[in-house]
Amino acid sequence: MAGFDIRQIDRRVIFTLIFVVVAWPLIAPMRLPMDVTAPVQQLYDTVEAIPEGSVVMLAGDYSPDTMPELQPMVRAFVRHAFRRNLRIVTTSLWADSPPLIEAAMTPLAEEYGKAYGTDFVNLGYMAGGTVTLLGMGASIPNTFPQDYYQTPVGEIPLMREVTNFDDVALVMNISSGTPGTREWVQQVQSRYRVPLASGTTAVAAPPFYPYVQSGQLVGLMGGLKGAAEYEMLVEAPGDAVRGMDAQSIVHALIVFFILLGNVVYLAERRSKAARADATA
Amino acid sequence: MNWLHDFLLGTPGTTPSVVVGTWVAAVLTLAIYSFLYKDNPFYRAAESVFVGLGAAYWLAILYHNTLVPKLFSPLFPPAGEPVLWYRVFPGILAVFMLLRFFPKLSWLSRWSLGFVVGMYAGVNTTGFAQGDFVAQIHATVTTPLTTGGGLSIALNAAAIVGVIATLVYFFFSKEHRGPIGGAARLGIWFLMVAFGASFGYTVMGRVSLLIGRMTFLLRDWLHLMQ
Amino acid sequence: MRREIPLAITFLVGMFMLVDFFVPHHAVAAVGEELKQWGTIVIAASILLGIGNLIRVHSRKIARRQTGWGFSLVCLGVMGVMLWLGLWPGEKLGPNPLVGSIAQGTYFNWMYLNMDVPLQGTMFSLLAFFIASAAYRAFRLRSPEASLLLIAAIVVMLGRVPLGQLLTRGLPEKATLPWITETIMTYPNMAAFRGILIGAALGVMATGLRIILGIERSYLGGEK
């Protein structure tokens, strides 16, 4: 084509391709098979082993920009916990989290017939990050004197049984940055030895593998794939499983872009070297 | 016709607030995506709305979830409950922090800064020491090298070598020559593999965010998804 | 005294946090617990500082009619409406208190879920487009190290999605992309990041002690 230079493809062409390649598998799913990785299986097995009636903590430390990856994790974990009759206390070190957790939990609470105040409670957000974590280690009611709806915790039946991390069987931290999983490992798991698991964004997951190997994390869900694996394990495929087809095709496209870009680059380098030899 | 009805007024049983909310969210989403074509006033307006909403949200949440239960309620409790008078000290420090807006009095904000920085320095020193430094070294020296089969043992041994090589790479007090240089070079190789894996995960993360928004547009707004 | 008092506060608070970690006595724990509650209040004020600065910058822009002042008006207008909906005390519209509360069902919550959440989500989803564009334009095999990074990235990108499983279906388990990817994550990736964690921990411990002892004073700013 006259005037077409593969090195100068308008980026809006690339943007349009990405749009199409994401939309197509969402409209027409391919249902590609998926494996379950060890860190997610470990997390599932840990929750399965918690005695019924125990209290678990869902620590939501995320914001709306990471919802596509993390909200499915929250829903899958809450579903698993409710199915096992575990009681859930939720806390947040990020101001954005409480309404997102509320939006995820309310329909599931209705589905499983769980009552607010006895089966689950949303303690809302508290400023302070790391300092708040240490405060919780001493006393959760003192650190969160009221819940998200401004009810004093003394009036909430579930909170009468929870003083500190000794009363919590597992902390499930859903985290998209700082403060997040790293702070929970450093200030809570290492100090109070409470079992800690993490569901985090794909960007944040690779540096947490040392914590999994050392046992400081009893499980790790990384990104949309981790969420999809957990959805499959709790037999409730949702947005994460649905998104994996699109994820597959886009990854293939990006790998193609990388390879094409490098083929063009290497060809250019070779022709420059040939021209330099010719003029020498 | 059914699709058009669902698109404009929502599926049967949807409340008006959900329908209006979906349309507002869709318009704002498309306004942001218009930036991909080029910068324009719709994008700038949506960006301004985003900034304003974020600030208002944080202010309201801080008030309801932190300042009321921790500061105002203890100092002005309901009748019959004791006054926690000592909470006036952090209240004063909080006011000092806000004095940063006034140049003649901004030096008082250093008292509050000193308090916060001292607190974080103290908790982070011990947190990093126990949670990262000691725990990770412990995990390295207790890595199993006699159980789990040949491949597992070899990979574990390679991991131990990798940890040491990476630490040698970051040790800049000695020139990277000879055996130290060789170990540092090996450390670079391990780091490149780790950063490559991180890049792969980063691509996965960014694409997931787009999949989330596209799911909203295609399912909740356009009703094109199952 | 303008620098000495803050340095003394830093020293006392920092040292107490260290003592609180090592001394299990109930008196130390009680004081430590109260000090942490103080910390959350002061940190909340520091967040308010950022919001206040935002209001100041945009107000100035509007007052001086600088370029883009209309957008600043939009920003402050939306902020004002949402604040009114979230903070206005006691006003009731209809049978439920839809104003002055942040709970589910209120106007504040509606604005958050239908305006703030999609805006945040969409802003960050733009990165997917830019990373695809950068993959074509910038990711180059310039050196052996870059080649290793690229190969690891491609293996992980394909191995972490169902497509990778499909491409290597039928091969022995240890030759499949998912197995290779998980091995990369569990061994070399883990080893490198462990080295980084240990090194970073050393750095934080050293900096923390320098701050507590008053050797590191940059957080106080340059003025006297």
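**View 1. The domains of chain B.** The centres of domain 1 and domain 2 of chain B, taken over C-alpha atoms, lie 31 Å apart. Chain B is divided into domain 1 (1-83), domain 2 (88-142) and domain 3 (146-226), with bounds that come from an automatic or database domain assignment. This is a predicted model, in which local features need pLDDT of at least 70 and side-chain atom pairs count only at pLDDT 80 or more, while totals for chains, interfaces and linings use all residues. Residues are numbered from 1 along each chain as its sequence is written, and chains are lettered from A and ligands numbered from 1 in the order in which they are written.

**View 2. Chain C against chain B.** In contact (C-beta atoms, placed from the backbone, within 7 Å) with 96 residues of chain B are 95 residues of chain C. On the side of chain C that touches chain B, α7(C) gives the most, with 24 residues; helices are DSSP runs of H or I, at least four residues, numbered from the N terminus.

**View 3. The largest nonpolar core.** This core, a set of buried Ala, Val, Leu, Ile, Met, Phe, Trp, Tyr and Cys residues joined through C-beta atoms within 7 Å, has 205 residues. Helix α7 (residues 178-221) of chain B gives the most to the core, with 19 residues. A:Met172 is among the residues with the most contacts inside the core.

View 4. A:Arg242 belongs to helix α10 (residues 239-279) of chain A. A:Arg242 is buried (20 or more other C-beta atoms within 10 Å) because 22 other C-beta atoms lie within 10 Å.

Definitions and conventions
Contact = placed C-beta atoms within 7 Å. Helix = DSSP H or I, 4+ residues; strand = E, 2+ residues; numbered from the N terminus. Buried ≥ 20, exposed ≤ 12 C-beta atoms within 10 Å, placed from the backbone.
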